[in-house]
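Subject: Structure for your review

Dear colleague,

Please find below the structure that I am handing over to you. I would ask you to look at it first and then to read the findings that follow.

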Amino acid sequence: MPVDHYENFPVASILLPKRLRPAVEAIYAFARSADDLADEGDAAPEERLAALTAYEDALARIEQGSTDHQPMFERLAQVVREFELPLKPMYDLLSAFKQDVLVSRYQTYDALLDYCARSANPVGLLMLHLYGAADEENVRDSDAICTALQLINFLQDVAIDLHKERIYIPLEDLNRHAISPAALDHISARPRWRSLMRFEVHRARALLLSGAPLALRLPGRIGFELRMVVQGGLRILDAIEAAEYDVFLHRPKLSKRDWMGILWASLRMKKRLKAVLRTA
């Protein structure tokens, strides 16, 4: 499946067991199309909110056991029944997409974490349910990974989001580094910007590593796929640092060479992660 648009969704690669691919595709179609309703096109805010409310109504019909669904929601209903999936994570996604329509700034890190808890973490939770592995420890680490990946995506896409008049770096952090939201991309702010981004990168990396043991606990293909996801996030952070945090001129993008490095790092992840956690 193409994943260039809905960045927070796990890569549905050949590593994904064949029996789970239809389920992942159904969840992906729901999440991506809802995300598009919030972000794409020229619809007015009230139209976007109404469309997302219609998605909530469709989830309610699934919850009630109705069989009167549009094709996309019929596939989703079948997956929900087959895997006994909770619907709350899907409602949470819609809540976050609605927030995207209304909110373009986050005053505090805690407020941003609350958004990530609804915009990113539900995807990991649903995947754990598909694998029958949604115990407390796994959910905790999955949340850390998903939130970290969301934060990394924000750091990677500062320029893109700014063009959309959105800022996903906490305003309290900007204030602490004496950077005006109106001057994010001004050359005069670059020294302070590097200091800010160094802090944000360090925090995102620590959060990602805190959840990384999940990739070593989960067996088989899903565990290795998650190792690739974690290593991909770490590689993006490395690229931001290598560009001296100038994501305005150098948006990090993974190359074929990067992916080979990610594969190698994934194979050696257990040994390296133990070393990293010992020194953290």
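Asp173 and Arg176 lie three residues apart in helix H9 (residues 171-176), which means that about one helical turn separates them. Please note that this is a predicted model.

Asp173 and Arg176 form a salt bridge, in which the closest N and O atoms are 2.8 Å apart. Side chains of opposite charge can pair when their charged atoms come close. The surroundings of these two residues may be described in turn. Asp173 is buried, with a relative accessible area of 1%, whereas Arg176 counts as exposed, at 53% relative accessibility.

Asp173 also takes part in a salt bridge with Arg203, and here the closest N and O atoms are 2.7 Å apart. Because Arg203 belongs to helix H10 (residues 190-211) and Asp173 to helix H9, this pair ties together parts that are 30 residues apart in sequence. Both Arg203 and Asp173 are buried.

The structure holds 17 salt bridges in total. Another of them joins Arg251 to Asp157, with 2.6 Å between the closest N and O atoms. Arg251 is in the loop between helix H12 (220-242) and helix H13 (256-267), while Asp157 is in the loop between helix H7 (136-156) and helix H8 (158-163); the pair therefore ties together parts that are 94 residues apart in sequence. Arg251 is partly exposed, its relative accessible area being 39%. Asp157, by contrast, is buried, with a value of 6%.

I turn now to the packing of two helices. How do H1 and H4 lie relative to each other, roughly parallel or roughly perpendicular? The axes of helix H1 (residues 21-39) and helix H4 (residues 88-102) come within 8 Å and cross at roughly 20°. Angles under 35 degrees count as roughly parallel, and H1 and H4 are therefore roughly parallel to each other. The crossing in which H1 passes H4 is right-handed.

Which residues meet where H1 and H4 are in contact? From H1 come Phe30, Ala31, Ala34, Asp35, Ala38 and Asp39, and they meet Met90, Leu93, Leu94, Phe97, Asp100 and Val101 of H4. Sorted by class, the contact of H1 with H4 has nine nonpolar residues, three charged residues and no polar residues.

Yours sincerely,
A colleague

Methods. Residues numbered from 1 in each chain as written. Predicted model: local features only at pLDDT ≥ 70, side-chain atom pairs only at ≥ 80, totals over all residues. Heavy atoms only, no water. Axes fitted to C-alpha atoms, helices over the stretch in contact; angles between N-to-C directions. Helix = DSSP H or I, 4+ residues; strand = E, 2+ residues; numbered from the N terminus. Parallel < 35°, antiparallel > 145°, perpendicular 65-115°, else oblique. Left-handed = near helix turned anticlockwise from the far one by under 90°. Contact = heavy atoms within 4.5 Å. Nonpolar A, V, L, I, M, F, W, Y, C, P; charged D, E, K, R; others polar. Salt bridge = Lys/Arg side-chain N within 4 Å of Asp/Glu carboxyl O. Buried < 20%, exposed > 50% of the residue type's maximum accessible area, 1.4 Å probe, protein only.
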